[in-house]
Amino acid sequence: MRRTPQRAAVLETLGRCREFVSAQELHALLAGLGSGVGLTTVYRALRELDRAGLVDVVRDESGERLYLRRPTDEHRHYLICRRCGRSQPVDAHDVEAWAARLAESTGYAELEHTLELSGVCGRCRRPADAAPDGGAHPGGRT
């Protein structure tokens, strides 16, 4: 991937984000910093950064792609709050091992996968959302 000033600005600004952001949100952040990077360039840069493995991508409930700078070279999975959008990386070792076994047993190479996990974070849960015994719903975090 060729390094351009625009891609560098997109990657640097994305690196300041603590949660996933859309291309439009990232463009607004860049504009707020005085950058002249256009929205089309933001989309193009994000697509290339994704191909290069420098960003993680999830989809929100409407299907829009959201981006976060990948802190390591490793593919990561996230649990996303459906209400506030807060994200939390999760250990998905079993998923990665299963994908590797599947690739080996089928003879496929360069296997890619998408795993989307969403729920309602503890900050967003209302008391009415709690289970009758005061605990979390099955499968939820306590």
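Modeller: Start with one pairing. Strand β3 (residues 77–81) pairs with β5 in the parallel sense, over 3 bridges. Two strands count as a pair if DSSP finds at least two bridges between them. Strands (E, at least two residues) and helices (H or I, at least four) are DSSP runs, numbered from the N terminus. Within this pairing, isoleucine 80 stands opposite serine 118 in β5.

A word on the source. This is a predicted model, where local features need pLDDT of at least 70 and side-chain atom pairs count only at pLDDT 80 or more, while totals for chains, interfaces and linings use all residues. Residues are numbered from 1 along each chain as its sequence is written, and side-chain values use heavy atoms, with hydrogens and water left out.

Now the whole sheet. It is open, has 3 strands in the order β4-β3-β5, and its pairing is mixed. β4 (87–90) and β5 (117–119) are the edge strands; each has a single partner, so one side of each has no neighbour in the sheet. From one strand to the next, the twist averages 25°. That angle is taken between axes, which are lines fitted to C-alpha atoms (for helices, over the stretch in contact), on a scale from 0 to 180 degrees between N-to-C directions.

A search of the whole structure finds 1 aromatic pair. Rings of Phe, Tyr and Trp (its six-membered ring) pair if their centres lie within 6.5 Å; planes under 30 degrees apart are stacked, over 60 edge-to-face, and the rest tilted. Here the partners are phenylalanine 20 and tyrosine 78, edge-to-face, at 4.8 Å centre to centre and 90° between the planes. Phenylalanine 20 sits in the loop between α1 (5–15) and α2 (23–32), and tyrosine 78 in strand β3, so the pair ties together parts 58 residues apart in sequence.

Are these two buried or exposed? Phenylalanine 20 is buried, at 8% relative accessibility. Tyrosine 78 is buried too, with a relative accessible area of 5%. Buried means under 20% relative accessible area, exposed over 50%, and partly exposed in between (1.4 Å probe, protein chains only).

Tyrosine 108 lies in the loop between α4 (93–106) and β5. At 59% relative accessibility, tyrosine 108 counts as exposed.
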